[in-house]
Amino acid sequence: MTVACYTRVSTAKQNLDRQLTSTKEYAEDTLGASLADIEVYRDKSSGTNTARDAYQRLMSDAEAGEIDAVVAHEVSRVARSITDLERTAERLRKAGVELHIVSESLVMKPDEEDPYQRALFQMLGVFGELEARIKRQNIREGIAARQDSDEYRHGPAPLGFEKDDGRLVEGADYHRVVTVLEQVAADEMSQRAAAKELSAGRKTIRRAVNERSELYGI
């Protein structure tokens with residue numbers, strides 16, 4: 001059995017080790033694969049970006065019959081959109097490839113229709129998409145609140161933002177800023193590393209995480 005371990009993080013600063021260990025151990029212990037049977041596909045990009053290179057190579061290899069099973073650490077590593085999630089699962093099913101999600105204990109086999117597993121898979125995708133929408137709404141509300149504050153009116157735009165004709169709008173690097181700040185808030189990146197990554201001062205990073213979290217959905 002040839003097993004593909006798919007791993008993804010959002011930036012080059014994040015570490016893939018936990019996902020690699022989880023998926024490889026699962027492939028060996030649960031699927032009985034040897035190290036020679038395991039192919040690792042690594043991506044460092046947003047889950048909403050399905051143009052990521054390793055993902056595209058993974059799907060191409062699966063549809064070419066070169067893979068028997070795909071293992072991912074969790075559903076969110078495969079996709080954050082329920083539409084993308086369904087599309088990926090369906091492509092693998094048609095290619096005769098199993099899909100295994102380690103943390104959620106999900107197994108989807110092309111020759112076995114398990115209504116419970118499919119419903120759980122869809123539900124996880126729906127919750128992931130709902131969480132993303134709630135986050136976007138919170139960010140919009142945070143921006144609206146900032147528009148009315150004296151600090152906003154008289155001070156510089158917050159990290160990741162710029163002012164456009166008196167309105168606070170997302171800057172070109174906003175999504176990159178959010179990804180880095182999320183890692184800081186989750187203790188996955190130090191403030192020093194974040195400051196270097198974003199070419200900002202540590203005080204700016206600290207303030208963004210501790211005092212302006214509503215602008216970044218963290």
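Reader: Is F161 buried or exposed?

Author: The model shown is a predicted one. Burial is judged from relative accessible area, and under 20% a residue counts as buried. F161 has a value of 8%, so F161 is buried.

Reader: How is a pair of aromatic rings described?

Author: Two quantities are used: the distance of the centres and the angle of the planes. Here the count comes to 4 aromatic pairs. One of them joins F161 and Y216, with 5.9 Å centre to centre and 55 degrees between the planes, a tilted arrangement. F161 belongs to strand β6 and Y216 to the segment after α9, so this pair ties together parts 55 residues apart in sequence.

Reader: Which class describes the pair of Y174 and Y216, and why?

Author: The planes of Y174 and Y216 stand at 20 degrees, with the ring centres 6.3 Å apart, so the pair is stacked. Y174 lies in helix α7, 42 residues from Y216. Y174 is buried at 2% relative accessibility, and Y216 is buried at 0%.

Reader: What is the strand order of the open sheet?

Author: Strands of a sheet pair through backbone hydrogen bonds, either parallel or antiparallel. In this model, 5 strands follow the order β2-β1-β3-β4-β5, with mixed pairing. β2 and β5 are at the edges with a single partner strand each, so one side of each has no neighbour in the sheet. β4 and β5 pair in the antiparallel sense over 3 bridges, and H100 stands opposite V107 in β5.

Note on methods
Residues are numbered from 1 along each chain as its sequence is written. This is a predicted model: local features need pLDDT of at least 70, side-chain atom pairs count only at pLDDT 80 or more; totals for chains, interfaces and linings use all residues. Side-chain values use heavy atoms; hydrogens and water are left out. Two strands pair if DSSP finds at least two bridges between them. Helices (H or I, at least four residues) and strands (E, at least two) are DSSP runs, numbered from the N terminus. Rings of Phe, Tyr and Trp (its six-membered ring) pair if their centres lie within 6.5 Å; planes under 30 degrees apart count as stacked, over 60 as edge-to-face and the rest as tilted. Buried means under 20% relative accessible area, exposed over 50%, partly exposed in between (1.4 Å probe, protein chains only).
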